[in-house]
Amino acid sequence: MLPSVVISGCGAVVNEYYGPLLQRRELDGQLRVIGVHDPSPDRMRAVVDRHFPSARPCAVFTDLVGLPADLVIVAAPPATHAAQVIEALEAGRAVLCEKPMALTGAEAERMVVTAERTRRLLAVALVRRWHPSSRIARWIVRSGLFGSVHSVDVFEGGPFRWPVSGPGYFTRSLSGGGVLADLGPHLLDLLHDWLGELELLEMQDDAMGGVEANALVRLRAGNVPVVLRLTRDWERPNEITVQFDQAMLRWRPDDISHVTVTTRDGQALKLTGPEDGDFLDSFGAMLDAVLERMAGCPSPVVEGREALTVVRLIERAYRDRLPMVMPWLEPAHG
Amino acid sequence: MADLGPRIAVVGAGGFVGNRMVEVLNLDLRWPVRPVARRASGLALAARFALDGRVANAMDHQRLKEALDGCEVVVHAVAGDSATIIGSVEPVYTAAAAAGCRRLVYLSSAMVHGQSPTAGTDEGSPLPRDQRLPYNLAKREAERRLFKLAERGKVEAVALRPGIVWGPRSQWIGGLADALLGGRAGLVDAGRGVCNAIHVDNVVHAVRLAATVPGVAGEAFLIGEHETPSWRTFTARVATALGMSIEAIPTLDFEQTPPTLQERVDGWRQSRSVQRALESLPRPLRMGLAAAWAASGALPQARPPGPQADLEMALLHRATHVPNWEKARRVLGYEPIMPTDEGWRRTIAWLAFAGYPVTVT
């Protein structure tokens, strides 16, 4: 019996990733997509026509979870995640929820409690865990191969080009915030996975009544200082740098397959995972892990309880935020 | 205390100057401003403020009209290729007219006079038609179309012609820093030519005046600054901030060559007679030609590594004069409001903020 899947949300992440991936899997006879939901009839029709002609379009989310699906993929705007995930879990479905899992820790806690009570899987789509390159980095950090970690610096972002559907995306009520709510879940999840518990020291951003395009987060993992700089502003080399006793690891987050390690004697090693791939392959590996877990295999997924840690961290960061220092915004006086 | 100015729509708010305009109008002047971007993603920077941002393609009259409704002034700050520069003028103008806007301020360029203007160039000087850079020709044609529309339309048109617009988020700064760090920077003739530089805050100040000063409909204004550094000095500011010596920047040769076939066709295509002929074609044929043209211009061209001079760089670095902006001073009351040293202090602070390895602030 093929697993059956329904999708809530027909925005950018579905058009870019879930649509092509699930379509391919359906053609390969690995699963069936039986329903799609989006409040916009046009967006929903476009996804159905393009990827899933046999899926049932559902104008109402309740109708979607009423379909006999094994898995509900929640890829709707973040503000709807908690309500949709809880409704799907209560209906007995397993859920793969896009990031950010929820806008608040309280929402995320309710989602996790519901999953535990209903004994249904709640997995969170923190897809970077499935990049071969991030697995290599994780192994290097956790194995202590090059000694202990001294510091971690992250600089990620660039001019915002994600094909969002409208200006509503840039609202705290719909998205939870700006660049930190968007990229933060991925990066903080990786850092938490690699280094353990993260303590928030400071968060600065450039929101001035709206949502931030730039954020600077200072953290500590034990004694290791961690700096996370995120931007939707200007193109710079995107890089995660981990300084060890005996080497420095560099990883470009858009490089799915490789990390570079430079040893203290200047040797540069380019480390490659067992398989080369692209972002879609990482989504595929994540989906496989979720389906395997649903089938009773112990495949690693990021469960809601684990993702909750990062939701709380981001919530605390926004609560304690300080304005960034930006002298070029001061009025000019000639 | 800030004065409550006219409601202004900034079309092209996602770009460098458009973004700074939104910042200044909102933060400093507290004027009601409406950012308009071609795609929703273009509102990422404007979304730092609680503003009524709109999405409308500059070629889409109806969406633009809706986006401009209720605004008194429209600033046209749309960047793009030649087709966008020329093609966006009419939709923005007609949408502004349909929305009942009073004035349109068009962000043109001093490059309509060429990168290397002759002594005494001002707004009265004829705009050269034999320029080899498509951007110059496109801006020239865009201005011509705008003023022609305004002759018979109700919306007043004013054009501003800044030169090298620098400051935080300028490609002349960030792009130069990238080139310096990547070993691709160079100076033609040791960068002795004059740089017609203007800080972005001075451009925004001029826009504010162009939006409000009465009796300037149909006028174009060159704008500039009192100091005109050499390109060597300008480059040295950025290099020094990055801990590099200007002495290490190589001097490049550039020999003027006859126009390439591509340049000749570019110039031919943008001539007025060809534009008129193209306009008379049926829309599907026109669109097909435009697509074919875009494809031909997009052909990859091999570029050897290391510093290379191109025609624009050579013309700029060999410039001997900057245009005269006395008319803006006299008619608009324009005076630069950003002192040069302060402008550089802010610009270098931004470079550090943006993640460049600034060693000297």
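Guide: One definition before we start. Axes are lines fitted to C-alpha atoms, for helices over the stretch in contact, and angles run from 0 to 180 degrees between N-to-C directions. Bear in mind that this is a predicted model.

Visitor: At roughly what angle do the axes of helix α6 (residues 171-181) and helix α14 (residues 340-353) of chain B cross?
Guide: Two packed helices are described by the angle between their axes and the distance between the axes. For α6(B) and α14(B), the axes come within 11 Å. Their crossing angle is roughly 55°.

Visitor: Is α6(B) parallel or oblique to α14(B)?
Guide: The axes cross at roughly 55°. Angles under 35 degrees count as roughly parallel, and 65 to 115 as roughly perpendicular. The angle therefore makes α6(B), relative to α14(B), oblique.

Visitor: How many nonpolar residues are in the contact of α6(B) with α14(B)?
Guide: From α6(B) come Ile173(B), Gly174(B) and Ala177(B). They meet Trp344(B), Thr347(B), Trp350(B) and Leu351(B) of α14(B). By class, there are no charged residues and 2 polar ones, and the nonpolar residues number 5.

Visitor: What share of the contacts in chain B, between residues at least 6 apart in sequence, joins residues at least 24 apart?
Guide: Chain B holds 14 helices and 11 strands. Of its 361 residues, 53% are buried. Among contacts between residues at least 6 apart in sequence, the share joining residues at least 24 apart is 81%.

Visitor: Is Arg132(B) buried or exposed?
Guide: Arg132(B) sits in the loop between β5 (103-107) and α5 (134-152) of chain B. Its C-alpha atom is 8.6 Å from that of Leu311(B), 179 residues away along the chain. Buried means under 20% relative accessible area. Arg132(B) has 18%, so Arg132(B) is buried.

Visitor: How far apart in space are Glu90(B) and His321(B), C-alpha to C-alpha?
Guide: Glu90(B) belongs to helix α4 (residues 89-98) of chain B. At 46% relative accessibility, Glu90(B) counts as partly exposed. In sequence, Glu90(B) and His321(B) are 231 residues apart. In space, C-alpha to C-alpha, the separation is 33 Å.

Visitor: Now chain A. Which residues of helix α2 (residues 41-51) are buried, and where do they fall?
Guide: The buried residues are Met44(A), Val47(A), Val48(A) and His51(A). Seen down the axis of α2(A), they fall within an arc of 100°. An α-helix has 3.6 residues a turn, so residues three or four places apart point the same way. The buried residues of α2(A) therefore line one face of the helix.

Visitor: What covers the buried residues of α2(A)?
Guide: On the other side of α2(A), Pro41(A), Asp42(A), Asp49(A) and Arg50(A) are exposed. The cover over the buried residues includes these elements of chain A: α1 (12-27), β2 (32-37) and β3 (56-58).

Visitor: How do α4 (residues 81-90) and α5 of chain A lie relative to each other?
Guide: The axes of α4(A) and α5(A) are 9 Å apart. The packing angle is about 5°. Angles under 35 degrees count as roughly parallel. So α4(A) and α5(A) are roughly parallel.

Visitor: How many charged residues are in the contact of α4(A) with α5(A)?
Guide: The α4(A) side includes His81(A), Val85(A) and Glu90(A). Among the α5(A) residues they meet are Glu107(A), Arg110(A) and Arg117(A). The contact of α4(A) with α5(A) has 6 nonpolar residues and 3 polar ones, while the charged residues number 4.

Visitor: What is omega for the cis peptide bond joining Lys99(A) and Pro100(A)?
Guide: Pro100(A) lies in the loop between β5 (94-98) and α5 (105-118) of chain A. The peptide bond from Lys99(A) to Pro100(A) is cis, with omega about -10°.

Key
Residues numbered from 1 in each chain as written. Chains lettered and ligands numbered in written order. Predicted model: local features only at pLDDT ≥ 70, side-chain atom pairs only at ≥ 80, totals over all residues. Heavy atoms only, no water. Buried < 20%, exposed > 50% of the residue type's maximum accessible area, 1.4 Å probe, protein only. Helix = DSSP H or I, 4+ residues; strand = E, 2+ residues; numbered from the N terminus. Arc of directions from axis to C-beta. Contact = heavy atoms within 4.5 Å. Parallel < 35°, antiparallel > 145°, perpendicular 65-115°, else oblique. Nonpolar A, V, L, I, M, F, W, Y, C, P; charged D, E, K, R; others polar.
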